[in-house]
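Q: Can you walk me through this one? I'd like the overall picture, then a few local spots.

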Amino acid sequence: MTYRSSEWFGKKDKMGFLYRSWMKNQGFPEDLFDGRPVIGICNTWSEFTPCNAHLRDIAESVKRGVYEAGGFPLEFPIMSLGETLLKPTAMLFRNLASMDAEESIRGNPIDGVVLLTGCDKTTPSTLMGAASVDLPTLVVPGGPMLNGKHQGRDIGSGTAVWKLTDDLKTGKITYEEFSHAESCMSRSPGHCMTMGTASTMACMVEALGMTLPGAAAIPAVDSRRKVLAQLSGRRIVEMVKEDLKISKILTRHAFENAIKVNAAIGGSSNFIIHLTAIAGRVGVKLNLEDFDTIGSKIPLLLNLMPSGKFLMEDFYYAGGLPVVMKELQSVLHMNAITVNGKTHGENIKGKAECYNNDVIACYSNPLIAEAGIVVLKGNLALNGAVIKPSAATPALMKHKGRAVVFENIEDYHSRIDDPDLDIDETCVMVLKSVGPVGYPGMPEVGNMVLPKKLLDKGITDMVRVSDGRMSGTAYGTVVLHVSPESAIGGNLALVENGDLIELDVKAKLLHLHVSDDELARRRKNWKQPDAIMERGYVNLYVNHVQQADKGADLDFLVGKSGSKVTRDSH
């Protein structure tokens with residue numbers, strides 16, 4: 001069988017000489033260029049991305065597996081996206097990293113690719129890029145950190161940050177205690193061990209069939225993570241020989257499975273944006289309403305922070321995602337193919353026993369009967385907005401309150417703790433200009449910290465509305481992804497202090513009680529905010545990014561170009 005890489009290494013002319021000769025300066029022997037499958041290992045390692053800082057070790061395990069299966073592994077880097085450090089938000093650069101992955105895979109002599117991922121944006125960005133090339137592809141998630149341990153109890157990454165910040169703000173803890181918790185929360189390599197977006201993305205790719213079974217929950221430092229990586233290295237060589245391309249796995253049924261699994265695990269609302277963008281790359285029709293009709297009636301089975309009390313380490317010991325899929329098998333497409341060549345049904349048969357029902361509940365006795373992300377519509381979100389019921393306060397799921405408006409993030413920071421701010425717990429906090437265009441990049445600021453004077457009263461939640469996102473580790477009655485966003489003239493831009501906003505999750509309604517005539521009057525006086533940047537990638541992004549309901553991909557990246565490259569470099 002002749003592989004794609006032979007177009008580089010198999011030539012018997014000047015170009016073949018060039019391609020092989022320069023590779024040999026790394027000490028590769030002649031027989032590695034004999035036509036065997038070349039496996040690209042796409043590594044998102046970076047010390048600026050703490051969640052991915054161990055991926056160089058994981059890459060070595062993948063390489064061992066590739067060599068064992070008769071392949072030729074070659075590791076390459078792409079832009080690494082860490083939500084923890086990267087300003088103004090890693091989401092701004094997700095599409096750039098996807099371009100990096102796509103062009104690196106297409107332009108190099110690669111027959112199959114292993115994507116090493118971790119922090120949340122590294123998973124969708126690499127998968128989006130790989131999907132646009134459509135080679136045999138397999139994902140190896142880096143795995144979650146060990147459970148955080150603080151003062152004799154478990155604390156979860158991200159989730160603990162929001163609670164500890166509130167406690168510090170109200171004087172319940174000292175700064176010394178606050179500082180001490182930093183080391184207690186992050187005590188091993190790996191991504192957030194709550195069901196934040198990184199864990200959600202790991203579960204997403206397993207539910208899609210893009211990882212070996214059980215890959216999502218293995219802790220980063222568990223030796224079985226390296227075993228999984230080595231087995232993945234072996235398997236990708238077989239996938240190349242079978243020509244099992246990514247498009248054969250990422251079918252409509254695969255996406256429907258992922259939506260249902262996300263609901264059952266209490267996954268991040270960011271899941272919607274990323275899955276929609278991935279679907280756009282493979283040509284699968286997926287719209288915002290699908291997440292509601294397919295997922296909103298699915299029960300919550302996983303008792304993990306921020307929707308529950310356990311953490312990813314506990315999830316793994318309880319049996320991991322295969323147990324969740326077994327519980328959901330009556331509503332999933334169990335005949336969907338996965339990267340190991342078997343169906344989900346075959347993968348779980350006799351291998352998905354639950355070891356702790358406190359962590360993973362039975363489908364017949366769920367934690368919450370209907371837990372999927374709900375899509376809201378109304379005159380405040382003509383193209384939709386989303387809310388995560390499993391992380392919200394039940395009493396606030398039907399609420400009408402007076403708007404307290406923050407025009408942008410600077411306005412919010414400057415006024416939120418002003419003792420004279422006219423706000424009480426019945427109000428609805430509104431944050432504008434934090435969408436894809438407005439910030440730019442749609443940051444995780446939607447879960448606004450409450451005013452200090454309300455925290456001092458013991459108030460822990462309020463209805464909050466924005467065109468931004470929130471961390472998957474966060475919680476609260478937070479309406480997100482309002483589309484169209486305020487920066488391009490969506491009705492959110494027209495909200496004023498004192499307007500009544502109605503939220504009715506059961507009715508799937510987000511309504512601004514202002515007449516159409518009044519909105520039209522306000523629109524005449526509205527001015528679009530000035531552009532943040534006039535050059536470079538940010539300028540390109542702002543001019544081409546789609547809205548949240550479309551996955552916030554760049555319009556010219558939707559679809560795929562395939563793997564063919566016809567012209568040589570010299």
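Predicted model: local features only at pLDDT ≥ 70, side-chain atom pairs only at ≥ 80, totals over all residues.

Q: How many helices and strands are in the chain?
A: There are 20 helices and 14 strands.

Q: What box do the C-alpha atoms fill?
A: Roughly 75 × 55 × 45 Å, taken along the principal axes.

Q: And what share of the residues counts as buried?
A: Of the 570 residues, 62% are buried. The accessible surface comes to about 22,100 Å². Carbon and sulfur atoms hold 52% of that surface.

Q: What about contacts between residues 24 or more positions apart?
A: Among contacts with a separation of 6 or more, they account for 77%.

Q: Switching to charges. How far apart are the mean positions of the positive and negative ones?
A: They are 4 Å apart, for 62 positive and 66 negative charges.

Q: Now helix α4. What should its residues span, and what do the end C-alpha atoms give?
A: Helix α4 covers residues 94-107, which is 14 residues. At 1.5 Å a residue it should span 20 Å, and its end C-alpha atoms are 20 Å apart, so the two agree.

Q: Which residues of α4 are buried?
A: R94, N95, A97, S98, A101, E102, S104, I105 and R106.

Q: Is α13 enclosed or open, and why?
A: Helix α13 (residues 288-295) has 6 of its 8 residues buried, so it is largely enclosed by the rest of the structure. The buried ones are L288, D290, F291, D292, I294 and G295. They pack against α11 (252-265), α12, β7 (374-378) and β8 (381-387).

Q: Last spot, P440. Where is it?
A: P440 lies in the loop between β10 (428-431) and α18 (452-455).

Q: Buried or exposed?
A: Buried. P440 has 3% relative accessibility, and the cut-off for buried is under 20%.

Q: What does P440 touch, leaving out residues up to four places away in sequence?
A: P88, T89, L92, G435, I532, V538, Y541 and V542.

Q: How far is P440 from R64?
A: Their C-alpha atoms are separated by 42 Å, and the two residues are 376 apart along the chain.

Conventions: Residues numbered from 1 in each chain as written. Heavy atoms only, no water. Helix = DSSP H or I, 4+ residues; strand = E, 2+ residues; numbered from the N terminus. Buried < 20%, exposed > 50% of the residue type's maximum accessible area, 1.4 Å probe, protein only. Contact = heavy atoms within 4.5 Å. Areas by Shrake-Rupley, 256 points an atom, 1.4 Å probe, with all protein chains shown as cover. Lys, Arg positive; Asp, Glu negative; His and termini not counted. Charge placed at Lys NZ, Arg CZ, Asp CG, Glu CD. Expected span 1.5 Å × (residues − 1).
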